[in-house]
Every structure is written in C-alpha cells, then in structure tokens.
Amino acid sequence: MSETAAIAEPDRATTPPKANLLLGVLVASAFVMILNETILSVALRHLTVDLNVTTTTVQWLTSGFLLTMAVVIPTTGFLLERFTPRQVFLAAMTLFTAGTLISGVAPGFGMLLVGRVVQAGGTAVMIPLLMTTVMRLVPPERRGATMGTITIVIAVAPALGPTIGGAVLNWLSWRWMFFIVLPLSVFALAVGFLHMKLDSETRSVPLDVLSVLLSALGFGGLLYGLSSIGESGGEALVPPWAPIAVGVLGLVAFVTRQLRLQRKERALLDLRPFTHRPFVVALVLAALLFMCLLGAAAVLLPLYLQTVLGVSTFVSGLAVLPGGLMMGLMGRPVGRLFDKLGARPLVIPGAAAMATSLWLFTTLGPDSSVYTVVGFHVLLMVGLGLMMTPLMTESLSILPDHLYSHGSAILATLQQVAGAFGTAVFVTVAAVASQRGDGVPDASGLQIAFVVAGVIGLLAFVTSLFVRKSEGASTPAVH
C-alpha cells in the first residue's frame, strides 16, 4: 500500500473540517473544465465554413480533446503519488487557462486544435484528482450523495455545453466561447491557490516513459483511425485500418508492460482493479453510457436539429437544456438512494430508459417537432442520471484504498475513450450514410447513426443485469 493511501485510512471515519471547502473548489473548477468538452458541438457547422474544413475534420476539436484526456489520464496515478494535491491542481488549472487563451485567439484550425489539446491536458488530471479526494475524505455511508454532486460535473457540464455554446453563437462569434470561460478559469486558479491545501504524503515513484508512449500510441492510433474513416471521400493519405491496427498493438503492449511493472509496484497504471468483478461491470456500463452521452446526445442531436430541422444554434442549445437540468437535479437524490439501496435498483431502470430514448431518436425525421426532441432527450438524461452516480461510486467503493487513484484513472480513461469513440463512430456513420454525397450528414445518415446508438443502448441494458445486488455502497464486498 502506498504511503498516501496509508495515511488516508484513519481519516475516513469522519469528514475533515475543510473537506467541503476543498471539494467545492475541485467541483467548481472541474465544472468549468468539463464544460469545454462539448461547448463547441453546436458550432461544428459554423466552424466547417469559417475554418474551411470538413465535418469529419472539425469533429477532432471534440475527439481530440477527449483523446488527449485519454492519453494523459493514465499518468494521474503516478502524479497523485509523486506530487501533492495542491501541486497537481495548480498545474492542471494553469494548463487549462493557457489552452483557453490559445483557443480564443487561434487564427486557424491548427492553432485552435492546439489550444484544445492544452486545455485537455489540464482537464485530464482534474477528474481523477476529484474522485480520489472524495474516496479519501468522505466516509463510505456518505459517498453516494457526494458523488451525486460530482455527477453534475462529469455529466451535466457536457450536457449544458451545447446550450451555452448555442447562446453564445446566437449573438457572438465562436471565439467568445473561450473568452467567457477564461476569467472563470483564472478565478478558479486564484481561489485554488489560496484554499487548495490538503495534507498528504508523497513518494518518489519513477515515471515509466515507455508506458506513457505506449498509451499515447495505443489510444491515439485507435481514435485517429476511427475518425479518418469516411474523411476526404475515402482519399485519406493513410488507410484507416493502419492506425487502428497500430493502436490495438500499442494497447496490447501497454497492458503487458503494466502487468509486469505492477509486480514491482512501479506500474504507470495499476490494472489490479480489473480483478474486482463489480468494478469491471461498472466500467463497461460507464463506457457505453459515455459513448451515448457525448457521441449521440452532445454531437448527433445538435447536428440533427441544425441540418435537418434547420433551427438556429441557440434553439438547438435550448432544446437540450431541460434534459441537462433534469440530470443535475437528480444528482444528489440519486446519490442518497444509492447509499440506501445500492446500485442495481437504480442502474437497471436507468439503462432501460437510456435504450428506449435512443431508439425513439431513430423515429426523428424532417417533420419532427422540436418539442418531441426535447421529450426524448429528457428521457435519455433521466436514464443517464439514474446510472451515473451509482456506477462511479460502486466501481471505486469496491476497491482497497491503495487502488483508489488507479481505479479513478482507469474509470476516467475509459470514459473519455468511449466518448471519443462514440463521437468518431457516430459522426462517421452519419457522414458515410448521407445521401448528399458531400460528407455532410443528412436525415437518412443521422437516422442510421441513431440506430447504431440504439444498439449500444440495448447492450448497456443487458450489461446492467450483471450489476451486483447490494444493500448499499458501504456494504463490504466479498471476493
């Protein structure tokens, strides 16, 4: 067990006096950061014209953000042991603030993508830091309610991104999406500098550079290959299967190296959380959930509203606002129910609602009402709201203390990879299946993409049936 984990054990019987302040700083900062994952989703059509790039290229502003997080997050287990929470927080907020400034003043697509990547480098560290801090500061019987608050950050912020983005585009240029966020990030950095003080021990953990490179090669290859399918009318310089194959080989090598290094307690990402079955089930469900949240709800739906129904970016943003607010309101109540009932009674009906809503999306056409879209989206958010908090709390509560940081890193990595995978696949399917022939999604292409999302929803429902029966989050598991 690491020294950091060892000293955390005595403190978890009661919540430290400044725990609420520390968690408040982290939650507020993470909210501003995660909001940027999807804030550009309603601006994709504007950016294709303004920056003179294709739809499948411009979606890299979302996929590239998620991909960078997936590459950086595996290093957070190392970072949280090697550096203090204060040092990690200040580094993350500084990166995010710099990336926001770069994006706001970017003269073209290339620099805008660089800014998004820098933003993502800071964002990647924040979620594992937040989840690990909760597990170490909050008693088991209160974790569900606290994780319910974090749900607002991880799920509601991306859901509100299109609404805020649409409102900005209705009156201002896309650059103001970053200029509005910039003072908020500077303020969060200042508040964190003054108040982010958490006692912790650090130890000199060696960084395995080869593991970092293999992680980047694996995840980068997969997502590049997926995103390049259908781009440039099939005239891509490198066939999509090549980077996908490189990515798979890179991930195999990465996993093999981690298994070898963890015997010496030197793994970049300790994979022993996978020996806990409830963690694996929750992880798979979370991955399927984020594919649909970030790929279907945050990207496909705004594209449908703008390209098929012809509504403005502002109206398309407003259309997803009720669902985002619903999920936010459900956060803490669902967390309290989890503390009493456990995950299974909440996750199964949540998965059923998610699958139902995704199949309802396949019925949308050129003559559908915006109000119908709002209703389907609210149902989707209700389903996700019932699943999100229980899955996060269940997956981490099952682990021993010394694996919290690595479990958080695994969970956050798979969430972002799944979101990037969903975004790349759904946009590509919609573009390839379009009858226009110019790579721009139309009604038929988007309908087929929603069918793919519906199949994923069914897989999530089947997987939810394997969630363990439990009396509550604090019930110890038997292995």
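This is a predicted model: local features need pLDDT of at least 70, side-chain atom pairs count only at pLDDT 80 or more; totals for chains, interfaces and linings use all residues.

Me: What makes up the nonpolar patch on the surface here?

Reply: Trp359, Val451, Val455, Leu458 and Leu459 do, with about 400 Å² of accessible area together. Helix 19 (residues 443-464) gives the largest share, 4 residues, while Trp359 sits in helix 16 (residues 344-361).

Me: Why is the Arg257 and Asp208 pair called a salt bridge?

Reply: The cut-off is a side-chain nitrogen of Lys or Arg within 4 Å of a carboxyl oxygen of Asp or Glu. Here the closest N and O atoms are 2.7 Å apart, so the pair qualifies. Arg257 is in helix 12 and Asp208 is in the loop between helix 10 and helix 11, so the pair ties together parts 49 residues apart in sequence. By this rule, the count is 3 salt bridges.

Me: How do you know which residues of helix 17 touch helix 18?

Reply: Contact means heavy atoms within 4.5 Å. On helix 17 that picks out Met392, Ser395 and Leu396, and on helix 18 Tyr404, Gly407, Ser408, Leu411 and Gln415. By class, the contact has 4 nonpolar, 4 polar and no charged residues.

Technical notes:
Residues are numbered from 1 along each chain as its sequence is written. Side-chain values use heavy atoms; hydrogens and water are left out. Helices (H or I, at least four residues) and strands (E, at least two) are DSSP runs, numbered from the N terminus. Ala, Val, Leu, Ile, Met, Phe, Trp, Tyr, Cys and Pro count as nonpolar, Asp, Glu, Lys and Arg as charged, and the others, Gly among them, as polar. Patches are made of residues with over 30% relative accessible area and no salt bridge: like charges are joined within 9 Å, nonpolar side chains (Val, Leu, Ile, Met, Phe, Trp, Tyr) within 5 Å. Accessible areas come from the Shrake-Rupley method with a 1.4 Å probe; for residues, only the protein chains shown count as cover.
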